[in-house]
Amino acid sequence: MKKLLTAAIAATLAMSSLGVASAAEAQSRGQHEHRQNGHDDRRDDRNDRREDRREDRRDDRNDRREWRQEAREDRRDARQQQRAYARWQRAERRYSAGRYQAPRGYQTRPWAYGQSMPSSYRSSQYVVNDYGRYGLRAPPRGYQYVRSGNDVILSNSNNGLIAAVIASLFN
C-alpha cells in the first residue's frame, strides 16, 4: 500500500512539474511570436524609461553647467570688486601731517568697513578737506574723509557709516 501511495505522489509531482514547464514554455513561445511581430510592450516600456532617464541626465548636466558658469561669473565679479577695493584701501604714499589727538574720551583704534564712527569725529578738526593734497579722490556726495590716527576713513557725513579705510596714509 505504501509503495502504491508513493508511486501516486511521484506521478502527481511529475505531471504537475511538466504542466508548469509546458505553461512556461507556452508563455515564452507567445512572447517570441509577439516579438517577431514587433509588439513587445515591455521592451517598449523599457526603452521609454531609458530615454526618460537619459533626458533627465541631460537636464541635470545642463543645470550643473549653468550653475558652474554662474558661480564662475560671481567669483570673477567678487575678484574685480576686491581688487578695486584693495586699491582704494592701500596708501601708495605716506604724508606728513600735524600731530594727531583723538577726540575726548576716545583712543586711536583700527576702523573697518561697515562700522559707524562717533559724531565727535565728524567735527571740522578731524575732517580732511584738502584730499587732493594727499592723493585722494574727491569723496562722493554725502561722504567725507576723516582722520583717525595715521589712517583716513571715508564715512557718510550724516550717520558716520564707514565706506572705506585708507590705512597708514600719514606718518
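In this predicted model, tyrosine 95 touches Arg133, Tyr134, Gly135, Leu169, Phe170 and Asn171, leaving out residues up to four places away in sequence; contact here means heavy atoms within 4.5 Å. Residues are numbered from 1 along each chain as its sequence is written, and side-chain values rest on heavy atoms, with hydrogens and water left out. Because the model is predicted, local features need pLDDT of at least 70 and side-chain atom pairs count only at pLDDT 80 or more, whereas totals for chains, interfaces and linings use all residues.

Tyr95 also belongs to the largest nonpolar core, which has 11 residues in all: Tyr95, Val128, Tyr134, Leu136, Tyr145, Val152, Leu154, Ala164, Ile166, Leu169 and Phe170. A nonpolar core is a set of buried Ala, Val, Leu, Ile, Met, Phe, Trp, Tyr and Cys residues joined through side-chain atoms within 4.5 Å. Buried stands for under 20% relative accessible area, exposed for over 50%, and partly exposed for the range in between (1.4 Å probe, protein chains only). Apart from it lies another core, of 10 residues, including Ala102, Tyr126, Ile153 and Val165.

The strands come next. Helices (H or I, at least four residues) and strands (E, at least two) are DSSP runs numbered from the N terminus, and two strands pair if DSSP finds at least two bridges between them. Four strands make an open sheet in the order β1-β2-β3-β4, with antiparallel pairing. Its edge strands, β1 (127-128) and β4, each pair on one side only. β2 (residues 143-148) and β3 are joined in the antiparallel sense over six bridges, with tyrosine 143 standing opposite asparagine 156 in β3. These two strands form a hairpin with two residues between them, and glycine 149 in the turn has a positive phi of about 70 degrees. The antiparallel pairing of β3 and β4 runs over four bridges, and valine 152 faces isoleucine 166 in β4. Five residues lie between the strands of the β3 and β4 hairpin, where glycine 160 takes a positive phi near 80 degrees.

How many of the six residues of β3 are buried? The count is six of six, and the strand is mostly covered. Asp151, Ile153 and Ser155 point one way from β3, while Val152, Leu154 and Asn156 point the other way. Serine 155 counts as buried because its relative accessibility is 1%. Ser155 stands opposite isoleucine 162 in β4. Leaving aside neighbours within four places in sequence, serine 155 is in contact with Gly142, Tyr143, Gln144, Val146, Gly160, Leu161, Ile162 and Ala163.

Charged and surface features complete the picture. Side chains of opposite charge can pair when their charged atoms come close. A search of the whole structure finds one salt bridge, defined as a side-chain nitrogen of Lys or Arg within 4 Å of a carboxyl oxygen of Asp or Glu. The side chains of aspartate 130 and arginine 133 meet in a salt bridge at 3.3 Å, N to O. Aspartate 130 has 33% relative accessibility and therefore counts as partly exposed, whereas arginine 133 is exposed, with a relative accessible area of 57%.

Leucine 13 is found in helix α1 (residues 2-36) and counts as exposed because its relative accessibility is 56%. Together with Leu5 and Ile9, Leu13 forms a nonpolar surface patch with about 320 Å² of accessible area. Such patches are made of residues with over 30% relative accessible area and no salt bridge, where nonpolar side chains (Val, Leu, Ile, Met, Phe, Trp, Tyr) are joined within 5 Å and like charges within 9 Å. Accessible areas come from the Shrake-Rupley method with a 1.4 Å probe, and for residues only the protein chains shown count as cover.
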